[in-house]
Amino acid sequence: MELTINGKKHRIDVPPDMPLLWVLRDELGLVGTKFGCGVAACGACTVHVGGQAVRSCVTPVGEIKAPVTTIEGIGTPDRLAVIQQAWIDHQVAQCGYCQSGQIMQAAALLAENPSPTNLEIDAAMQGNLCRCGTYPRIRAAIHDAARRLRGG
Amino acid sequence: MGRARTIARRSFLIGSAAILGGIAFGAYKLEQEPENPLRPGKGETTLNPYLLIDGQGITIITPRAEMGQGNQTTLAALVAEELDLAWGSFRIMHGPPAAAYANSTLLTAGLPVKDYEERSSIQQMFEGILKKVPTLLALQATGGSSAMPDAFVKMRLVGAAARQVLMAAAARKWNVPVGTLSTRDGVVHEPGGRRASYVELAPLAVDIEPPANPPLKPASQWRYLGKSVPRLDQVAKVTGTAAYGIDTRLDGMLYATIRINPRLGGEMLSFDASEAEKMPGVRKIVDLGNGVGVIATNTWLAFQAVQAIQVEWGAAPYPPETDAIMARIEQAFEEAPNSSLRNDGDTEAAFSAPAPDDVVEAEYRAPFLAHTTMEPMNATALYTRDSMRVWVGNQSPVINRDKAAEAVGLPSKAVELITPFLGGGFGRRSEYDFTRYAALMAKAMPGTPVKTTWRREEDITHDYYRPAAIARFRAVMGKDGPVALEGKIAAPSVTRQSSLRLAGFAPPGPDRGLVEGAFDQPYGIADYRVDGHFANLDIPIGFWRSVGNSYNGFFHESFMDEMAHARGLDPVKMRLRLMKGVHEPSRLVLEKVATMAGWTGKTPEGIGRGVAFTYSFGAPTAEIIEVRDGPDGIRITRAWAATDVGVALDPRNIRAQIMSGIIYGLSAAVMGEITFSDGMVEQENFPDYDALRMNNAPRIDVEVLENKTRISGIGEPGTPPSMPALANALFDLTGKRARNLPLNAMFDFA
């Protein structure tokens, strides 16, 4: 089957019920997307499919009909996305393991809602677990990224 | 390569025996300076175990696990400050397992003394000896909030000495007196205008003897220390390019997982893998003795195949149900105490005939807890019959290397271990089980790299848990507070179990860890005694963020609140009075947090506030938690914290660590509980072992004070007071006293 990931087409030969997460990590080497629970309960594996945030650990690859974007497709160390720069400015990450998923979830929120309130941020982000407890800075970084994306 | 250096040796002869939580040492000859483990390649120079310089630039070795605490950034800052480097102009690397990176303060934390008290001369002598022992034992470990106390002087000296050596090389090159030279941002300057970079000078400096005690900058001249510097790991961690152990990728690599007896420590009686063997992509089934492993062409296949294996598991070596386990812990009160590390005055006399109205009593319980690091346990190994390489996020590289070597029958020197970023540690990765299993899996396929990843279900059901504990407290109350206080704590011993597992011996004598957070609090009470009782229980337990303080903080500070309320006293004022003249920095953090929160001792209807204080890992930390009743349940709305680390090397990072410790503690207090049924852990994944999320975590304000003289670490001290502060706030809100954790058994949270 064929998948478009971060703007690039990939031919892959795997069973259609294989979760996207493991296709990305083990078959394609895109290890920025993380395994946390395997049951869509922590958000570490969040990617975009057709612009929507999905949990790749429970998304069978055979059901994907739209382009996939992973953390590697959002921005790179040399060309940071606005949201990644906001994360750096707020020094959000501690262990950092959940942050790919947090950023993908937040990016999907901002694409849909350019000026989210605290409550809207909480509602969108509550599926993303962080055991280091970086939530206060994630929320601040989302507000900051929203402001920059609005050109404010 | 490198150069021969004079190794200064000093002998320490300890008269009869030194007592560290009961460890007796005979006479040892301790090397002052262990060998530099860095093996520079062509074009590379190393001046000491912490610096590697090549044509590309300077690499600082930061030999502690980066598991979120930001320590690699601050460790690098210690060297960069004295070496005079531009921030961000260097790389950092964890470095290999080596005695050179032993953590010299790790064992001193086990001294059975109250840390807030000045050390006597004999205690100072023991402390000095104990700082040498980790080098002897190659105890390279990240834990106990010890990285900064260990490195604060050591790594600045390394930077200062290297700077002197590089300046001496420049002086020789230009034939000028070294005193005329200066440095800036990695370059040596000469008044005539000549300049040379450290990179170009390094090869000329290798035969110059470094000064033993170079002068260090006064704090007033610090550029990076004492300031909030940008963490060095942020760009990698927001772009998905930070390499964690689980991200290891090697040519021809296969993917594996394991399934160990869920009755922890039990045998595997038999297994039938015929179904799994037929599954496409499965390459090998491995008999691990107490469990099975599957090697496949991807992780998902391995996960499915391992669950398709039929296994008959043996029984657990402990009572199979939670109630019976707790009863076993309770039995420990019947035995003589293992320790009475606080025994001030005469509690026996004080409790012999008190007025019944003056007595306050309570019993508390805390459950087993899992760590749930976000990155599940994993390790990757490449075994080739005469050597092995292992990639694993871990907190104890020497032990992990040695245990992996032992498992596959290789000498330690044939095993290379690489420590990438850790997706959380919290004490879980001080163990080596994940490395040992990965080594065994790789041994089944010599020449092929094998990455072994645990399913989250395997991770939660095969942890080294924070032990459950029970405490019995009683007090005789005077007008302004307790005049006599007695606490008895019963729990299985983390110190004993982990020492046996990690070091092969169990220290006899008093176990500080069992009672820390209860016996060592800076309160002046005339008759004050704390006993620790060992529970005999073979459930795997280990270091969980703040260790004994994590349950004793809850017990001791819940009881402080009960005592205050029994007499109608303000819980802040009562504590301030008890601290007066005992430890002023502790009193000041409590006073500070009360000011920050605008504490009045009174709260309006629908709002509750609670306070707690714990002195742990050298850092007195006071916290106030606020809760509010709402239509969808109780919300934790605010938290205030004040702490004192002596020297605040990176204030922003310290505040982040306190916030992190609070959220970790509140998560456990609200909902954390590991229970057993039929010998197996009942919780398996985040749906039944959850933690606070963004929507139910409070806003947190933190202040960092510097009234203490000694520097302390900050990875753990935020956690202990958060749990009692919450329970005390809930009492203020509802009038209901929670004596058992987790609190969601008694309260409905939003």
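**Figure 1. Asp115(B) and Arg710(B) join their side chains in a salt bridge.** The N-to-O distance in this predicted model is 3.4 Å. A salt bridge here is a side-chain nitrogen of Lys or Arg within 4 Å of a carboxyl oxygen of Asp or Glu. Across the interface of domain 1 and domain 3 of chain B, the rule finds 1 salt bridge. The rule also finds 11 residue pairs in polar contact there, with both residues at pLDDT 80 or more. A polar contact is a pair of N or O atoms within 3.5 Å; within protein, one must be able to donate a hydrogen and the other to accept it, and residues adjacent in sequence count only if both atoms are side-chain atoms.

Two notes hold for every view. The model is predicted, so to speak of local features needs pLDDT of at least 70, side-chain atom pairs count only at pLDDT 80 or more, and totals for chains, interfaces and linings use all residues. Residues are numbered from 1 along each chain as its sequence is written, chains are lettered from A and ligands numbered from 1 in the order in which they are written, and side-chain values use heavy atoms, with hydrogens and water left out.

**Figure 2. Domain 1 of chain B meets domain 3 of chain B.** The domain assignment, automatic or from a database, gives chain B domain 1 (9-221), domain 2 (245-316 + 377-453) and domain 3 (322-369 + 465-745). The C-alpha centres of domains 1 and 3 of chain B are 35 Å apart. Contact means heavy atoms within 4.5 Å. By that rule, 24 residues of domain 1 of chain B touch 31 residues of domain 3 of chain B. The buried area is about 2100 Å², and carbon and sulfur atoms give 59% of it. Buried area is the accessible area (1.4 Å probe) that two parts lose on being put together, summed over both. In domain 1 of chain B, Lys114(B), Tyr116(B) and Ser145(B) lose the most area to domain 3 of chain B, together 32% of what that side buries.

**Figure 3. Ser145(B) has a positive phi, near 45°, and is not a glycine.** Most residues other than glycine have a negative phi. Ser145(B) sits in the loop between helix H3 (133-137) and H4 of chain B. Helices (H or I, at least four residues) and strands (E, at least two) are DSSP runs, numbered from the N terminus. Is Ser145(B) buried or exposed? Ser145(B) is buried, because its relative accessible area is 11%. Buried means under 20% relative accessible area, exposed over 50%, and partly exposed in between (1.4 Å probe, protein chains only).

**Figure 4. Asn6(A) also has a positive phi, about 50°, without being a glycine.** Asn6(A) lies in the loop between strand E1 (2-5) and strand E2 (8-11) of chain A. Asn6(A) is partly exposed, because its relative accessible area is 28%.

Figure 5. How many salt bridges does the rule find across the interface of chain A and chain B? The rule finds 2. Also, 30 residue pairs are in polar contact between the chains, both residues at pLDDT 80 or more. In contact are 54 residues of chain A and 58 residues of chain B. The area buried between the chains is about 4500 Å², with 61% from carbon and sulfur atoms.

**Figure 6. Chain A has two domains, domain 1 (2-73) and domain 2 (75-149).** Their C-alpha centres lie 20 Å apart. Contact links 19 residues of domain 1 of chain A with 15 residues of domain 2 of chain A. About 1300 Å² is buried between these domains, and carbon and sulfur atoms give 53% of that area.

**Figure 7. Pro446(B) lies in the loop between helix H12 (433-443) and strand E22 (450-453) of chain B.** Pro446(B) counts as partly exposed, because its relative accessibility is 31%. Beyond its neighbours within four places in sequence, Pro446(B) is in contact with Tyr383(B) and Arg385(B).

**Figure 8. The peptide bond from Leu741(B) to Pro742(B) is cis, with omega near 0°.** Most peptide bonds are trans. Pro742(B) is found in the segment after helix H20 (719-734) of chain B.
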